[in-house]
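My plan was to look up a few places and write down what I found.

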Amino acid sequence: MKKLALYPVEKIDELTSPEAHEDISVLSSALNVFTDFKKVTPMVIESSTSAVKVEHLMQKSHVRLKLVIDDKDRFIGLVSFESLHNQEILKRVAAGHQRDHLSVADFMIPKEDLKAIDFEDLSYARIGDVIETLQSAGQQHCLVVDRSNHAIRGVLSANDIARRLKLAVDVSTPNSFASIFEVIANIQQPAVLQTTQPHY
């Protein structure tokens, strides 16, 4: 063994990241914008959790999507920051619901209303294909399923795609996602991926 040299870092102020050095385009593999649950622990929330509390936590942590589970840790749906936005909560209150009684279950998209891309299809797809698919389906997020193992493998997000492609698009509001699709449409017109209904 040998002792390694130690160097001063006082004049260094930049952090290296894989994304900073990858040349990503709409022609790149879709796996570059895929959040793989084999590598990243999925962000989950129990359906009974207070909607107001979760909206605050998601805003504070800049999280836009959580997978919803029941009290037995079974996947039952998705909830997005947009669906939990304060305006949506106020609409429910105006309709007669008590703010403190609203839970994640009141705002989530149940799994029976979700469609997903199969991981095997995704592994051969390009980023442009994913964007076209999300646009065609009118979705900001899309699950990826491993049908051979009967499991949810990961998730795709229009917000992540815009960030990875370094698009000059404000993604702070739901309407801004249309701008992402418009930018990409001017670059390429890829084929739409065939989506499949998850069987859970």
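**Entry 1: the model**
I noted at the start that this is a predicted model.

**Entry 2: the largest nonpolar core**
I looked up the largest nonpolar core and found 21 residues in it. Leu122, Ile127, Val130, Leu156, Ile161 and Leu165 have the most contacts inside this core. Which elements give it two or more residues? They are H4, helix H5 (127–137), strand S7 (141–146) and H6. H5 gives the most, with four residues. I also found a second, separate core of 14 residues. Among its members are Ile45, Phe81, Leu102 and Met108.

**Entry 3: Leu122**
Leu122 sits in helix H4, which spans residues 119–123. Is Leu122 buried or exposed? Its relative accessible area is 0%, so Leu122 is buried. I then listed what Leu122 touches, leaving out residues up to four places away in sequence. The list reads Ala30, Leu31, Phe34, Ile117, Val130, Val144 and Leu156. I checked one C-alpha pair as well. Leu122 and Ser29 are 93 residues apart along the chain, and their C-alpha atoms are separated by 8.5 Å.

**Entry 4: Ile161**
I took Ile161 next. Not counting residues up to four places away in sequence, Ile161 touches Val33, Ile127, Val130, Ile131 and Leu134.

**Entry 5: Asp70**
I moved on to a charged residue. Asp70 lies in the loop between S3 and strand S4 (75–80). Why does Asp70 count as buried? Its relative accessibility is 12%, and buried means under 20%. I found a polar contact of 2.9 Å between the side chains of Asp70 and Arg74. Beyond its neighbours within four places in sequence, Asp70 is in contact with Glu46, Ser47 and Ile76.

**Entry 6: the second largest pocket**
I finished with the second largest pocket. Its volume is about 310 Å³. I counted 17 lining residues. Which of them lie nearest the centre? They are Thr35, Met43, Leu65, Val155 and Asp160. Strand S3 (65–69), strand S8 (151–157) and helix H6 (158–164) each give two or more residues to the lining. S3 supplies the largest share, three residues. By type, I wrote down eight nonpolar, six polar and three charged residues in the lining.

Methods: Residues numbered from 1 in each chain as written. Predicted model: local features only at pLDDT ≥ 70, side-chain atom pairs only at ≥ 80, totals over all residues. Heavy atoms only, no water. 1 Å grid on protein atoms, 1.4 Å probe; cavity = no way out; pocket = protein on both sides within 12 Å on 5 of 7 lines; lining within 4 Å. Points joined across faces, edges and corners; volume = space filled by probe spheres on them. Buried < 20%, exposed > 50% of the residue type's maximum accessible area, 1.4 Å probe, protein only. Polar contact = N/O pair within 3.5 Å; in protein donor to acceptor, adjacent residues only side chain to side chain. Contact = heavy atoms within 4.5 Å. Core = buried A, V, L, I, M, F, W, Y, C linked by side-chain atoms within 4.5 Å.
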